[in-house]
Each structure stands twice: as structure tokens, then as C-alpha cells.
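Here is a brief report on a predicted model. Look over the sequence and the structure first, then read on.

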Amino acid sequence: MKKRFPTLRALAFGAAAFLTPLAALASGGEKEGKLVHVADTRHLSGFNLYIADLYNTNRLLFTLECIAITALMGLCLGLLMDWIVAAIGLDLSKHEGQE
Amino acid sequence: MHDLLSITLPISGVSINPLLLVLLGVAVGVLGGFFGMGGAWMVTPALNIFGFPMPFAVGTDLCHMAGKSIISTRRHAKFGNVDAKLGLAMLAFDVVGIECGARLVMYLERLGLAGPVIRWVYVVFLFLIGLLVFYDYFKKRSLEKSAAAGSAPAGSAVRWHETLHKIKIPPIVRFNVAQVECSLWLPAGVGFLVGFLAGLLGIGGGLLMMPALVYMIGCPTYVAVGTDLFTVMLAGFYGAFTYGMKGRIELLAVIIMLLGAAPGAQVGTIATKYIRGYGIRLMFGCTVFFAMISVILKQLKLNTAASWVVMTAVTAMTLVVIVGMVKGAAKELRARRALR
């Protein structure tokens with residue numbers, strides 16, 4: 001028995017490694033994605049127009065704004081939620097979990 | 001999916017009901033905070049099912065995950081569940097891995113194979129992870145039952161980390177919060193592997209990092225959850241940067257999802273206070289299998305069935321976590337009142 005398991009395991013991994021890409025290729029694939037994507041700004045206004053314009057004209061600034069807005073929202077919403085949970089009266093200072 | 005409430009997102013041009021994004025944010029916040037992950041493995045297929053092209057689903061996912069993980073990581077850090085030293089040791093190599101994975105995605109996109117290849121790799125990994133978690137859970141239970149003295153064996157039933165800790169390539173480092181001492185190359189290697197798969201699959205790595213921390217590094221479940229969220233947060237920001245530069249982030253969708261994820265993340269994180277570590281692992285295994293089924297259905301072009309599986313599983317698990325949190329919180333509040 002001891003000898004059989006490593007062989008079976010090796011066979012299973014080998015089959016998975018061989019069959020996975022084959023299955024993906026056999027599925028035919030999807031329509032080729034656009035290499036350069038341009039946002040359509042014709043019907044946009046306000047914040048959406050600003051973001052789409054930034055996306056089309058300055059990719060680095062767009063990326064930095066995405067990161068800054070995400071981080072700021074995470075921090076602000078986190079503080080707000082902390083305040084709400086503390087108001088309920090739960091002790092959030094310790095964690096006595098068991099395995 | 002298209003109705004009067006639908007909005008058209010400015011960059012990808014996808015039409016979607018924002019309520020769906022908020023609900024997805026809530027669910028992913030609850031489950032992410034509870035299991036210690038970004039939850040992108042749920043968001044990527046869900047966004048893809050909602051009509052986002054796969055690279056946009058991946059980029060939007062990573063960006064949203066970074067913001068949401070800030071909320072959960074802050075909470076876990078206050079609980080003392082974050083081993084920042086271990087997280088940083090893994091992160092440097094995690095980032096290199098993410099970049100390699102992201103470049104492979106762009107190459108597959110040029111070939112028109114991004115969707116199917118990502119989905120099949122997903123299926124294989126979800127299956128293996130689910131299998132490992134269930135095996136560990138049931139082995140642990142049988143060990144507990146057979147322990148005549150009634151004291152359960154400590155730690156995981158699967159003990160790969162003990163073998164991996166025998167690798168003594170210097171420098172040997174002590175991680176105090178995780179209570180682990182091992183070669184620095186172990187977390188570095190695990191970080192690279194997790195990062196590569198994360199970049200390829202469009203996930204922050206939490207889905208892979210959580211079991212890797214438990215089974216390969218040897219962390220207790222709670223420290224794995226907290227440390228995982230810490231690395232997911234930083235990796236998510238790097239992922240957001242690289243996908244932003246490649247023009248595959250839909251910022252408005254990120255903002256809408258974060259509105260739902262904020263309360264969800266708080267609920268999920270607090271729920272870990274009231275549910276046992278192995279309970280978390282069992283629910284994690286169930287969720288992983290549901291995710292795998294949905295991805296298979298999607299690959300078989302059964303999109304409606306895939307949506308139902310994702311939505312039903314995520315809703316059911318979210319409700320279980322919320323009920324667990326509410327019950328635990330009510331018990332704690334009652335005990336406090338009784339003490340006054």
C-alpha cells in the first residue's frame with residue numbers, strides 16, 4: 001500500500017497538469033479582449049465624466065486617484081463602523097477564541 | 001439584470017443595478033472579515049456573471065478588496081490577531097508573484113483565453129483547498145473522539161508545517177504573535193506561490209493565504225485570519241496599482257461595493273470572536289466548494305445556474321455568520337448586564 005499511494009498521487013497530479021490546459025483550449029476560448037480600452041464619455045456628466053476623462057488622458061493619475069479614494073473610504077467607513085459598534089456596547093478590546 | 005434602477009458604469013460601459021453591487025459588498029464584507037480574506041474569489045465570478053469582462057472583474061475586485069481589508073485589518077489588529085512581521089516577510093515575495101500572475105493574465109487576454117484558463121485554474125485550486133479543509137476538519141473530529149482523556153490534541157490535524165519547519169536555511173526567524181519559529185525562506189516561498197496564483201486568478205490571495213498560513217506555516221486560525229487580511233490589504237493596493245495602470249478598474253463599482261462592505265466587514269470580523277476556529281474552517285470549506293460548483297457551471301455556459309449557486313451560497317453563509325455574530329453579541333451583552 002505504501003508504494004501505491006505516491007504513484008497514484010503522481011499520476012493524479014500529472015493528469016491534472018496535462019488535462020487542465022487542454023480543457024481550457026478545448027473550450028474554444030473567449031472573444032479576444034481589447035488591448036486598448038477607451039471610455040465612452042459622450043453621455044456622461046459630473047463625477048463619471050471626470051473619472052472617464054482622467055482614465056482616457058492620464059492613466060497614472062487615474063490609478064493614484066483610485067487608490068487614494070479606496071483607502072480614504074476604507075478608513076472613514078471603518079471609523080464610522082467602530083463608532084456604531086462601540087455605541088451598541090460590545091467589548092472589542094479582546095478576543096478569546098478557541099481552536 | 002437590466003431594469004429601471006440600472007446604471008451604466010463610465011469606464012467599462014457595463015449596465016448594472018447598483019443594489020446588486022451593494023449586496024455583493026455586504027456579503028463579501030461579512031465573509032471576508034470572517035474567513036480573513038478579501039473575498040475576491042466570490043466577487044470576480046460574481047462580477048463576471050453580472051457582465052463585467054474578466055480583466056475588469058479582476059481589477060475592480062482587487063481595488064475594492066484593498067479598501068475593505070483596511071476595515072477588517074484594523075479590527076483584527078485591535079483583537080491582537082495580526083502578526084505584521086510574518087505578513088511583511090510574505091508580502092515582498094507575494095508582490096513579485098502577483099506581478100508575474102498579472103502579466104500572465106494580460107498574455108492570456110491577448111490570446112483570448114483569459115476567461116476560460118482563469119476559470120479552470122480556479123476550479124482545480126478550489127477543489128484542492130476544499131478537500132484539504134474537510135479532511136483536516138473530519139480528521140480533527142475523529143482525533144477528538146478517540147482522545148480518551150477528553151483533551152483534544154492541540155493545533156491542526158494536518159501538520160505539514162512540522163515537516164516544513166525542519167528546513168533550517170538561515171536566517172531562522174521567530175514570529176511572536178503566530179508563535180512560530182522557522183526559516184525566513186518558508187514564508188517567502190509561500191508568499192511567492194500565493195502571490196502568483198492571486199495575480200493569475202484575480203484574488204488578493206486570502207483564499208490561498210489562509211490555508212497556507214494554517215497548514216504550511218502553522219499559525220492558529222485567528223492569527224491566520226488577521227495576518228491574512230493584513231497581507232491581503234497591502235497586496236490589494238499593489239494589485240489595484242498594476243491593474244489601474246493596465247486600465248482595468250471600474251472605480252464607481254468599487255465605491256458602491258465599499259458602501260456595503262464596510263458594515264459587512266465589521267460584522268464578519270466580530271463574529272470570529274464568538275465562533276470556534278474549526279467552525280470557521282468548516283464553513284470555509286463549504287463556501288469553497290460552492291464557489292467551485294458555480295465556476296464549473298459558468299464554464300459549461302450555464303450562467304443562470306451559476307448565478308443562483310453563487311448568490312444562494314453567499315447569502316446562506318452570510319446569514320449563518322450574521323446569526324452567529326448576533327447570538328454571541330446578545331450573550332455577551334446579557335452577561336455584562338448580569339454583572340452590573
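## Chain A

Of the 99 residues in chain A, 17% are buried. Chain A has three helices and zero strands. Its pattern along the sequence is α-α-α.

## Where the chains meet

The contact between the chains involves 55 residues of chain B and 44 residues of chain A. On the chain B side, several helices each supply at least two residues: helix 3 (54-79), helix 4, helix 5, helix 9, helix 10 (251-271), helix 11 (277-299) and helix 12 (303-339). Helix 3 of chain B gives the largest share, ten residues.

What is the make-up of the side of chain B that touches chain A? It divides into 34 nonpolar, 13 polar and eight charged residues.

## Helix 7 of chain B

Helix 7 of chain B covers residues 185-201. At 1.5 Å a residue, its 17 residues should span 24 Å.

## B:Gly226 in helix 9

Helix 9 of chain B holds B:Gly226. Is B:Gly226 buried or exposed? B:Gly226 counts as buried because 31 C-beta neighbours lie inside 10 Å, and the cut-off for burial is 20 or more.

Setting aside neighbours within four places in sequence, B:Gly226 is in contact with B:Gly36, B:His76, B:Ala77, B:Phe79, B:Asn81 and B:Val82. B:Ala271 is 45 residues away along the chain, and the C-alpha atoms of B:Gly226 and B:Ala271 are separated by 13 Å.

## Two backbone details

From B:Pro170 to B:Pro171 the bond is cis, with omega near 0°. B:Pro171 sits in the loop between helix 6 and strand 3 (172-175) of chain B.

B:Gln179 has phi near 55°, a positive value in a residue other than glycine. B:Gln179 lies in the loop between strand 3 and strand 4 of chain B. With 12 other C-beta atoms within 10 Å, B:Gln179 is exposed; the cut-off for exposed is 12 or fewer.

Terms used. Residues numbered from 1 in each chain as written. Chains lettered and ligands numbered in written order. Predicted model: local features only at pLDDT ≥ 70, side-chain atom pairs only at ≥ 80, totals over all residues. Helix = DSSP H or I, 4+ residues; strand = E, 2+ residues; numbered from the N terminus. Expected span 1.5 Å × (residues − 1). Contact = placed C-beta atoms within 7 Å. Nonpolar A, V, L, I, M, F, W, Y, C, P; charged D, E, K, R; others polar.
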